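Subject: Handover of a structure

Hello,

I am passing a structure on to you, together with notes on what was found in it. Please look through the structure before reading the notes.

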Amino acid sequence: MSKVIDIVEKHITEPVENLGYEIVEITYKKYMGDMNLTIYIDKEDGVDLNGCELVHRTIDPILDEIDPTNGEKYILNVSSPGIDRPLKTERDYRKNMDTEVNVSLFEKVQDLKKFVAILRGYDLEKGIITVEYNGKDIEIALKNIATIKPEIKF
């Protein structure tokens, strides 16, 4: 994790949580020629534009005061993670238990490389998830997962 992200996370986590939101991810990277500091937030009943604006207004003066980029210009973005965001954190896996997930693997497991299955378990410390595919449980090493995200049906 970058130094900027560490500093930002340390100073804004409590104020964001006091508003009823959780920080899902913080990124700091160049996009379209400018450095962008993006704070992804979530809460149980979802995030709307008003929530993003509230968090932005709350953390902007904190970031101005602590100057995590040592005077370097950046664009501050506050966003929801989106319904199709890949699963990364323990919270993501917990939230998607017993639901369909779209799995893409680096190497085939039981002759499968891209498939939809039901997330049945995870142990992030051991680096393993369990999915149900065609009525059978399959264990997959996290290091073999290219992407895993919720299956979106319309």
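The notes below go through the helices, the sheet, some single residues and the aromatic pairs.

This is a predicted model, in which local features need pLDDT of at least 70 and side-chain atom pairs count only at pLDDT 80 or more, while totals for chains, interfaces and linings use all residues. Residues are numbered from 1 along each chain as its sequence is written, and side-chain values use heavy atoms, with hydrogens and water left out.

Helix α1

Helices (H or I, at least four residues) and strands (E, at least two) are DSSP runs, numbered from the N terminus. Helix α1 covers residues 3-18, and its 16 residues should span 22 Å at 1.5 Å a residue; the end C-alpha atoms are 24 Å apart, which agrees. The expected span here is 1.5 Å times one less than the number of residues.

The helix has a kink of about 45° at Ile12, shortly before the proline Pro15. That bend is the angle between axes fitted to the seven residues ending at a residue and the seven starting there.

Val4, Ile5, Val8, Ile12, Pro15 and Val16 of α1 are buried, where buried means under 20% relative accessible area, exposed over 50%, and partly exposed in between (1.4 Å probe, protein chains only). An α-helix has 3.6 residues a turn, so residues three or four places apart point the same way. The buried residues of α1 pack against β1 (22-31), β2 (34-42) and α2, contact meaning heavy atoms within 4.5 Å. Just after α1, Gly20 has a positive phi of about 95°.

The sheet of β1, β2 and β3

Three strands make an open sheet in the order β1-β2-β3, with mixed pairing. Strands count as paired if DSSP finds at least two bridges between them. The edge strands, β1 and β3, each pair on one side only. From one strand to the next, the twist averages 20°.

α1 packs on the sheet by touching β1 and β2, and its direction makes about 145° with that of β1. α2 also packs on the sheet, touching β2 and β3, and its direction makes about 145° with that of β3. For these angles, axes are lines fitted to C-alpha atoms, for helices over the stretch in contact, and the angles run from 0 to 180 degrees between N-to-C directions.

β1 and β2 are antiparallel and share 9 bridges; Ile26 stands opposite Ile39 in β2. The two strands form a hairpin with 2 residues between them, and Met32 in the turn has a positive phi of about 50°. β2 and β3 run parallel and are joined by 5 bridges. Asn36 has Ile75 in β3 as its bridge partner.

Single residues

Ile75 belongs to strand β3 (residues 75-79). With a relative accessible area of 37%, Ile75 is partly exposed. Leaving out residues up to four places away in sequence, Ile75 touches Asp34, Met35, Asn36 and Leu37. Between Ile75 and Phe154 there are 79 residues in sequence and 33 Å in space, C-alpha to C-alpha.

Ser104 is in strand β4 and is buried, at a relative accessible area of 11%. Apart from residues up to four places away in sequence, Ser104 touches Lys113, Lys114, Asn144, Ile145, Ala146 and Thr147.

Most residues other than glycine have a negative phi. Asp67 is not a glycine, yet has a positive phi of about 45°; Asp67 sits in the loop between α2 (49-66) and β3. Asp98, also not a glycine, has a positive phi of about 65° and lies in the loop between α3 (90-95) and β4 (100-109).

Aromatic pairs

The structure holds 2 aromatic pairs. Rings of Phe, Tyr and Trp (its six-membered ring) pair if their centres lie within 6.5 Å; planes under 30 degrees apart count as stacked, over 60 as edge-to-face and the rest as tilted.

Tyr93 and Tyr122 form a tilted pair, 5.7 Å centre to centre with 35° between the planes. Tyr93 is in helix α3 and Tyr122 in strand β5 (residues 112-123), so the pair ties together parts 29 residues apart in sequence. Tyr93 is buried at 4% relative accessibility, whereas Tyr122 is partly exposed at 25%.

The rings of Phe115 and Tyr133 have centres 5.4 Å apart and planes at 75°, so this pair is edge-to-face. Phe115 lies in strand β5 and Tyr133 in strand β6 (residues 128-133), so parts 18 residues apart in sequence are tied together by the pair. Phe115 is buried at 6% relative accessibility, and Tyr133 is partly exposed with a relative accessible area of 26%.

Regards
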